[in-house]
Amino acid sequence: MRPPPLAFGPFAFDKTSRLLKRNGQELPLPPRVLGVLELLLDRAGDVVPRQELIDTVWKDAFVTDTSLAEAVSVLRQVLGDDPQAPTYIQTLHRRGYRFVAPVSQEPDAAKESAAAAGPQDRRRVSPSIGRELVPWSVAVICALVAAVAVWQYTRRAPAADPVAARFAIELPAGVSFDETAPSLAFSPDGTMLAWSACSDEGCRIYTRGLDQIDAMPLEGTDDGHAPFFSPDGRWIAFFANGRLSKVALAGGSPITLADAPTPLGGAWIEREIVFAGSPTGGLMRVSSDGGEPQPFTTPNESGGDVRHAWPAVVPGTRIVLFIVDGTPATDSPGPPGTLAAVSFNPRTSDRSPAARASQWQTLLANVSLARAAARDTIVFARDSELHAVGFDPVRVALSGTPRAIRGQLATARGRAQFALSTAGSLVHAIAPESGNRTIVFFQPPTKLTEPVRQNLALREAAIAPDGSRIAGVNLLATGAGIWISDSQRPNATRLAHKGTNASPVWSSDGRSVFYASRENGAFEIWRRDADGTQPPVRVLASDRNAFPLAASPDGRQLAFLKTSDATRADLWLLPLQGGPPRVLVQSPFDEGAASFSPDSELLAFESAETGRWEIYVQRLRDGRRILVSTNGGQKPSWTADGLYYQWGRTVMRKAIRTNGDEIAIDDGVGHRMYYGARLDLRTTLQGVAPDGQLLLSRGSDPPSSSAIVSLEWLRQIRALLGPPAAALPR
């Protein structure tokens, strides 16, 4: 006997013919997906383990959890199910799946009709009456059909309202979305996704068409971050190994476009690309075929701007949205910035810095990332929450009131992970269990003890010369204040209260802390005693942003960064016993973190001169310099037993020797040292204590490995925001 179909909601599943129907319309599905549905329906209400699903549906084929996750994702897409609020299929992490909707047997239609018919329905109609009714009935029906046909021919029928659908993307075990920068991208037509994902093997770019189940890695995109599509959807641009590059989706080798040591986002406009690849300064522009980058925007440093980042194009216009950041940190979460906009002018780069600075305008404060869903709608993030607001492209101004639309998104260094397509779709990463960035001490392999975690969430952490205290910017307190914490206990006191503060640096004797601070203008350098008994003292007044980097062990000099329009961030030295500052390294390239040698004669620092961050050592008295790292390096920290720095996921130690005029790396003494297991992708070296312990910053919450794709999402946002405001004349 043929088993009756199983009914749930508007769906019916026929096990015999293996067909799924919605309101009588057949929904085509791959055989494996149908097999998953059949087993879940047979065990409705029960948790079906992942392995049982794999063994039953795939039988002897060797597959992983990824194949099952993709099959469930396709099934959810067809059912229109939301994995975060499931109507049909519930995910039980580490256990399996459960069908939660009521399931019933659908009775046979013919039997149901027969059973419903009573004796009076089966009475024979008189032949004479039938002969009279049939001709008239046929005539009436024909007239109705003709009328309907004429009406349909002469009147335009409204388009059917598309049904929004959602489905999940589950990355394989051990793989997570890149946290270096927002990692998701949608092709303009909404048919393809791209993302940067990381594992123990490193990061790379993946693509997946919405009509595909599996994601495919893009060849040549190792160490790839922050991908974005070309306007025609045939190319993907990305940041990797200190460069901005592009690669064709059809295949081929990547093409280098420009140096970009810090991946801070890009947008493709016609035949040019606007991007941010530096920790300071404005947006740059370069031909999509490569060439010499030209300045596009200039930050207003007198207003406290540090950089412009995360550009995005408003569809159907030449307007570029971007974020104005007011703090220098790039490797840890910082406070939200300001949403700004500028019109793309082919001759923008020919104008003076003052003219470029005056062209852009601010739109909204407290925004970490923004994208345009359409020419009249902007979607932006505040922490892990999405908001939408109307936009008038004629006046380049917001219209209406922002509305919160979604929360608990995964973030990448404080910026929500989401992307939009001009076709009206949204993709966003799902936030894991909440946590905070913490400070940890990681022991060398000779002391295999558990890390000592601090309860205080800090960024830009600096360790005191004796290793007893840590200074940093507290992420949890209101405002960006400087706090000091005991290195063994989570006790903390606030040192700097007013304005926005950054870049704490200990004095050589550990009695005071230098830091950058601003209220209404550019960052200036201040100092305060570590116990907070005396008021702060301004050490360096400046009309350009200045950030302390390191104090010399002899207490005589302070190394600091100072920004410039022409040369971005330069290295300077400030005599602490009086006298004007002097420039140490001034070049067209960015410089970064620095550390003095124990004898105060040498300075190790970061520079992007080669296109990627490398470690250099320079003698202060004559400017002689050597390259220490050979394949990338950051975060130098000099102690009595060598120069430490981070190379990818490894902490290196090298001994530097001087002999007369010579500066060299001593290959025979502590040339390199690998500290136990390689650091995970979310761990950054902050300093080295006198006893050899490494001060590391690391996020305590797990990275995201799941995302939700919402099709036809823009319709819902338009319904929420209401009709767009009428555009006003300029």
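Eleven aromatic pairs are found when the whole structure, a predicted model, is searched. In one of them, phenylalanine 8 and phenylalanine 11, the ring centres lie 5.5 Å apart and the planes meet at 25°, so the pair is stacked; the cut-off for stacking is an angle under 30 degrees. Phenylalanine 8 and phenylalanine 11 are both buried. Through ring pairs, these two residues belong to a cluster that also holds Tyr88 and Phe99.

A stacked arrangement is also found for phenylalanine 605 and tyrosine 616, with 5.9 Å from centre to centre and 20° between the planes. Phenylalanine 605 is part of strand β50 (residues 602-607) and tyrosine 616 is part of strand β51 (residues 614-619), so this pair ties together parts eleven residues apart in sequence. Both phenylalanine 605 and tyrosine 616 are buried. The ring of tyrosine 616 also has a charged group over it: the charged end of arginine 625 sits there, 5.8 Å from the ring centre.

A charge over a ring is likewise present at tryptophan 572, where the charged end of lysine 562 lies 5.0 Å from the centre of the ring. Lysine 562 is also one of the residues in contact with serine 542.

Serine 542 itself is located in the loop that runs between β44 (537-540) and β45 (546-551). Its relative accessibility is 15%, and serine 542 therefore counts as buried, the limit being under 20%. The side chain of serine 542 reaches the backbone oxygen of arginine 544 at a distance of 2.6 Å. When neighbours within four places in sequence are left aside, the contacts of serine 542 are with Ala522, Phe523, Glu524 and Lys562.

For the protein chain as a whole, the secondary structure consists of seven helices and 59 strands. The chain has 730 residues, of which 51% are buried. Among contacts with a separation of 6 or more, 47% are between residues 24 or more positions apart. The accessible surface of the protein chain is about 33,600 Å², and carbon and sulfur atoms contribute 51% of this area.

Methods:
Residues numbered from 1 in each chain as written. Predicted model: local features only at pLDDT ≥ 70, side-chain atom pairs only at ≥ 80, totals over all residues. Heavy atoms only, no water. Helix = DSSP H or I, 4+ residues; strand = E, 2+ residues; numbered from the N terminus. Buried < 20%, exposed > 50% of the residue type's maximum accessible area, 1.4 Å probe, protein only. Polar contact = N/O pair within 3.5 Å; in protein donor to acceptor, adjacent residues only side chain to side chain. Contact = heavy atoms within 4.5 Å. Phe/Tyr/Trp six-rings, centres within 6.5 Å; stacked < 30°, edge-to-face > 60°. Lys NZ or Arg CZ within 6 Å of the ring centre and 35° of its normal. Areas by Shrake-Rupley, 256 points an atom, 1.4 Å probe, with all protein chains shown as cover.
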